[in-house]
Structure formats: structure tokens, C-alpha cells
Amino acid sequence: MRIDIITVLPELLVSPFSASIMKRAQDKGLVEVCVHDLREFGKGRYRHVDDAPYGGTAGMVLTCEPLDKMISKLTEERTYDDIIYLTPDGITLNQTLANEFSMKGNLMMICGHYKGIDQRIRDMWVTKEISIGDYVLSGGEFGAIILADAIIRLIPGVIGDETSALSDSFQDNLLAPPVYTRPSDYKGHKVPDILLSGNFPKIEDWLHEQAVERTKARRPDLLNNDKH
Ligand code: ADE
């Protein structure tokens with residue numbers, strides 16, 4: 001998979017992609033992440049990429065030309081499965097969307113800034129609009145990082161234990177059950193006996209029950225369409 005990210009703040013994207021799972025995935029050649037500075041196509045000496053909105057409302061808007069030039073350059077080089085714009089008025093990201101994106105080959109992500117990007121770029125180029133939640137960030141960069149992380153960890157081979165991503169919260173519309181590790185007794189707080197029993201079919205049943213209980217208590221909305 002290849003992910004191209006267009007931003008006015010490329011420096012914000014350096015460290016999240018230089019550590020842990022997202023770094024390992026790139027080192028293993030399972031994903032290529034390319035960050036593009038929109039100012040490369042900015043106007044004039046100061047490489048302007050924004051302007052005041054028509055209609056006299058507050059804030060600044062990323063202008064058409066630099067974005068159009070950058071997107072055109074990238075789409076001439078390869079075909080994209082999706083051109084994603086990170087925006088609070090997009091579809092809210094969930095595990096189903098992350099699963100779908102993880103099966104794609106080439107994704108482009110556009111980070112908005114200030115008041116967002118000119119609507120015409122959305123109309124001309126964008127195929128998916130994604131929000132990471134009902135709150136407004138100062139730009140789409142953190143959205144792109146979160147979306148990329150949610151996708152990359154699902155690519156086969158990225159997480160060592162192949163089954164690990166499948167047992168995450170939400171993969172079954174269920175939250176994950178509690179997890180414990182050594183020691184089995186910490187200051188009198190004991191690990192449930194069943195987990196020490198070695199009876200794996202029973203352990204599986206118990207974990208499923210715990211996941212259902214936790215989901216009922218914390219996120220009953222997830223159980224509404226359910227098969228549990
Ligand atoms: N940009 C600003 N706020 C955002 C959000 N909630 N999700 C995605 N991109 C954004």
C-alpha cells in the first residue's frame with residue numbers, strides 16, 4: 001500500500017510515522033508513506049496557499065490552485081483508490097471503514113487547515129470525506145495520522161501476531177475483553193482463575209462473555225444490530 005499525505009505542516013507528520021508499528025510497516029516494505037508540502041505549489045515569494053473566504057466570513061481557506069496542482073501531479077503518477085479529505089463534516093471513522101481502506105492499494109489524504117479547503121477541490125477530486133470525531137481540530141494532520149494508523153495496523157504482516165488485529169475492540173461490534181499479564185496476584189488483586197486454567201475453549205467462551213458484558217455496560221449502541 002502507498003499513502004500520500006498533502007499538508008501545509010509536513011513537520012507534524014514526521015514523528016508519528018517514525019516510531020512503533022507505523023515505522024515497522026514501512027521498514028518491512030508493507031506500506032510507503034509519502035508526505036507532500038502543499039507550499040511546493042504556493043504562490044509568490046511567501047508561497048501562499050490560502051486566502052480569505054468569499055462572503056466575508058472569518059478565517060482563511062486553502063486555495064484551489066496549489067491543491068489542484070499537487071493532486072494532479074500525484075494522480076498523473078499513479079491511480080488512487082480513494083482521495084480522502086479529512087474534515088469534521090465527513091463520515092465518522094469507524095473500524096468498518098478502516099478495514100475497507102486497509103484493502104486498498106493507493107490512498108491520498110488531504111489535510112485541511114484554517115477554515116478548510118475550497119469546495120471546488122472537494123467537488124473535483126475528493127472521493128471520501130472522513131471525520132475522526134465530533135470535535136474540531138486546527139487541521140486535518142492528526143486526523144490523517146489516526147486514519148493511517150488505524151489502516152496500517154490492519155495490513156497483513158504488519159502486526160506480528162496475525163490474529164491480534166482481529167481480536168481488537170470493534171472487530172465484532174464488541175469492545176475487547178479485559179487483559180491481564182504476570183504476576184497472577186498483584187497486591188492481592190488476582191487474575192481470574194479461568195485464565196490460568198489452561199482450558200482454552202472455556203477461556204474463549206469467558207472472553208466472549210466479558211466482551212459482551214463490557215459492551216452492554218459501556219457501548220450498548222454497538223449491540224443494537226447484533227448477533228451476540
Ligand atoms: N479537521 C478538523 N477537525 C477534524 C476532524 N474532527 N476530523 C478530521 N479532520 C478534521
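The following dialogue examines how terms are applied to one predicted model.

Tutor: In this predicted model, local features need pLDDT of at least 70 and side-chain atom pairs count only at pLDDT 80 or more, while totals for chains, interfaces and linings use all residues. Residues are numbered from 1 along each chain as its sequence is written, and side-chain values use heavy atoms, with hydrogens and water left out.

Student: Why is Thr7 called buried?

Tutor: Buried means under 20% relative accessible area, exposed over 50%, and partly exposed in between (1.4 Å probe, protein chains only). Thr7 has a relative accessible area of 1%, and therefore counts as buried.

Student: What makes Thr181 exposed?

Tutor: The relative accessibility of Thr181 is 66%, which is over 50%, so Thr181 counts as exposed.

Student: Where do Thr7 and Thr181 lie?

Tutor: Thr7 belongs to strand S1 (residues 2–7), whereas Thr181 is in the loop between helix H5 (141–152) and strand S8 (185–186). Helices (H or I, at least four residues) and strands (E, at least two) are DSSP runs, numbered from the N terminus. By that convention the chain has 6 helices and 9 strands.

Student: Which residues are said to be in contact with Thr7, beyond its neighbours within four places in sequence?

Tutor: They are Leu13, Val35, His36, Asp37, Leu38, Cys111 and Glu141. Contact means heavy atoms within 4.5 Å.

Student: Why is Cys34 called buried?

Tutor: Its relative accessible area is 15%, which is under 20%, so Cys34 is buried. Of the 228 residues of the chain, 40% count as buried.

Student: What makes up the two domains, and how far apart are their centres?

Tutor: The assignment gives domain 1 (2–152) and domain 2 (167–222); such bounds come from an automatic or database domain assignment. The C-alpha centres of domain 1 and domain 2 lie 37 Å apart.

Student: What are the spans of the chain along its principal axes?

Tutor: The C-alpha trace spans about 70 × 40 × 35 Å.
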